[in-house]
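Reader: I have a structure to read and some questions about it. Please keep the answers plain.

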Amino acid sequence: MTETPGRVRAEIDLAALRANVRALRARAPRAAYMAVMKADAYGHGMLPCAKAALQAGATWLGTATPQEALALRAAGIGVDDARVMCWLWTPGGPWRAAIEADIDLGVSGMWALRELTAAARAAGRTARVQLKIDTGLGRNGCMPADWPELVEACLKAQAEGTVKVTGIWSHYACADEPGHPSIALQSAEFADALRHAEEAGLTPEVRHIANSPAILTLPETHYDLVRGGIATYGISPSPDLGVPADFGLRPVMSLKASLALVKHVPAGLGVSYGHHYVTAEPTTLGLVPVGYGDGLPRQASGSGPVLVAGKVRTVAGRLAMDQFVVDLHGDEPAVGDEAVLFGPGDRGEPTAEDWARAAGTIGYEIVTRIGTRVPRVYVNE
Ligand SMILES: *Cc1c(COP(=O)(O)O)cnc(C)c1O
């Protein structure tokens, strides 16, 4: 991929990412910082973002899948550079490769412990295991009723040297809704699970439950390690909590395109598939060459915002696979002029959160879905 302006590009501001990590670490001063890198760093590009996060003081990198964790190691993130943890396993692993790459393995059930102890024995290595308790998210994690069995089995595996329990952890369901009653219930359940495990004889190096909203609003949940995902990328976990600037955060990704066409059209012209937009008067139209094939939500048809020639315009009619149209109401920018779909927002451009609102989704989904057809251009490395 070239780095000329081109059709479309996602500019990734690594100085903003580093500043975000520092701001988040300052909010959790006694905890280590895990920068969550899953889904290609929420669409920002895993390796450059991982390196920037480590430069800013993160000491852990988190991924969902083992493939993502192994990719970090394969790209040169060594054991002295960062602890790497992943938590979304399915039968077959790859357990042995992860153990040999010194990855911390999130474990939610007996099936996983059985598979990984067999792999550790075969490798002649000790697997680092992080036990996950389901404190009330109702997703992955060991149910409290099954916790004693999992803890017992870990103690046994630890005694034979196949396993070392390095962490105990959980995940909130509603940390982005301050005061939600589930938060206190999950916190209490987590404390119970920790007490049980420690009384049984486990000595986890890190206990962790805080995601981005908990880092920002629930200091009592920080424990030894916090897992910062969306906030690392400068996006607020929820508009109800505030905008990024309220937390000293700055959006890392800007999505920019070059106008592919500007033309004069008469009144009454149907625009794009289905003719859901019809020009009210003679006007100018601009063609923005980005579409749902690049990860934009088609639900933003008729509502997605874009800054063109100093004004925020709205997607006119349907957003298509590769392109959409804006009514420029007589403005005549040049073909090739910049159209900013989203960015930090301080130069008049919309934000990813604005696209989320336009499409009825969350900022997480807007940045994460930006596709492989969009080159990432790293600035402020
Ligand atoms: C994605 C994820 C996170 C990060 O969540 P954010 O809300 O983006 O901070 C933390 N922990 C787990 C287990 C996750 O899956």
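Reader: Leaving aside neighbours within four places in sequence, with which residues is Ser212 in contact?

Author: This is a predicted model, in which local features need pLDDT of at least 70, side-chain atom pairs count only at pLDDT 80 or more, and totals for chains, interfaces and linings use all residues. Residues are numbered from 1 along each chain as its sequence is written, and side-chain values use heavy atoms, with hydrogens and water left out. Contact means heavy atoms within 4.5 Å. Beyond its neighbours within four places in sequence, Ser212 is in contact with Arg227, Gly228, Gly229, Ile230, Ala231 and Pro237.

Reader: How far apart in space are Ser212 and Arg227, C-alpha to C-alpha?

Author: Ser212 has its place in helix H9; helices (H or I, at least four residues) and strands (E, at least two) are DSSP runs, numbered from the N terminus. In sequence, Ser212 and Arg227 are 15 residues apart. In space, C-alpha to C-alpha, the distance between Ser212 and Arg227 is 6.8 Å.

Reader: Is Ser212 buried or exposed?

Author: Buried means under 20% relative accessible area, exposed over 50%, and partly exposed in between (1.4 Å probe, protein chains only). The relative accessible area of Ser212 is 2%, so Ser212 is buried.

Reader: How many residues line the largest pocket?

Author: On a 1 Å grid over the protein atoms alone, a pocket is an open set of points with protein on both sides within 12 Å along at least five of seven lines, while a cavity is a set where a 1.4 Å probe fits but cannot get out; lining residues have an atom within 4 Å of a point. Nearest the centre of the largest pocket lie Lys38, Tyr42, Arg139, His171 and Tyr364. Helix H2 (38-42), helix H9 (212-217) and helix H11 (363-368) are the elements that give two or more residues to this lining. The number of residues lining the largest pocket is 32.

Reader: How much space lies in the largest cavity?

Author: Grid points are joined across faces, edges and corners, and a volume is the space filled by probe spheres set on the points. The search of the whole structure finds one cavity of 30 Å³ or more. Gly295, Pro297, Thr361, Glu365, Ile366 and Arg369 line the largest cavity. The space in the largest cavity is about 30 Å³.

Reader: Why is the pair of Trp95 and Trp111 edge-to-face?

Author: Rings of Phe, Tyr and Trp (its six-membered ring) pair if their centres lie within 6.5 Å; planes under 30 degrees apart count as stacked, over 60 as edge-to-face and the rest as tilted. A search of the whole structure finds seven aromatic pairs. For Trp95 and Trp111 the ring centres are 6.1 Å apart, and the pair is edge-to-face because the planes are at 65°.

Reader: Which parts does the pair of Trp95 and Trp111 tie together?

Author: Trp95 counts as buried at 4% relative accessibility, whereas Trp111, with a relative accessible area of 33%, is partly exposed. The pair ties together parts that are 16 residues apart in sequence, because Trp95 lies in helix H5 (residues 95-100) and Trp111 in helix H6 (residues 110-123).

Reader: What joins Gly93 and Pro94?

Author: Pro94 has its place in the loop between strand E4 (83-86) and H5. Omega is about 15°, and Gly93 and Pro94 are joined by a cis peptide bond.

Reader: Which residues of helix H3 (residues 46-55) are buried?

Author: The buried residues of H3 pack against several elements, including strand E1 (8-13), helix H1 (14-27) and strand E2 (32-36). H3 is followed by Gly57, whose phi is positive, near 105°. The buried residues of H3 are Met46, Cys49, Ala50, Ala52, Ala53 and Leu54.

Reader: What is the radius of gyration of the protein chain?

Author: The radius of gyration is taken over C-alpha atoms, and the globule rule is 2.2 Å times the number of residues to the power 0.38. With 381 residues, a compact globule would have a value near 21 Å, and the protein chain agrees with this at 24 Å.
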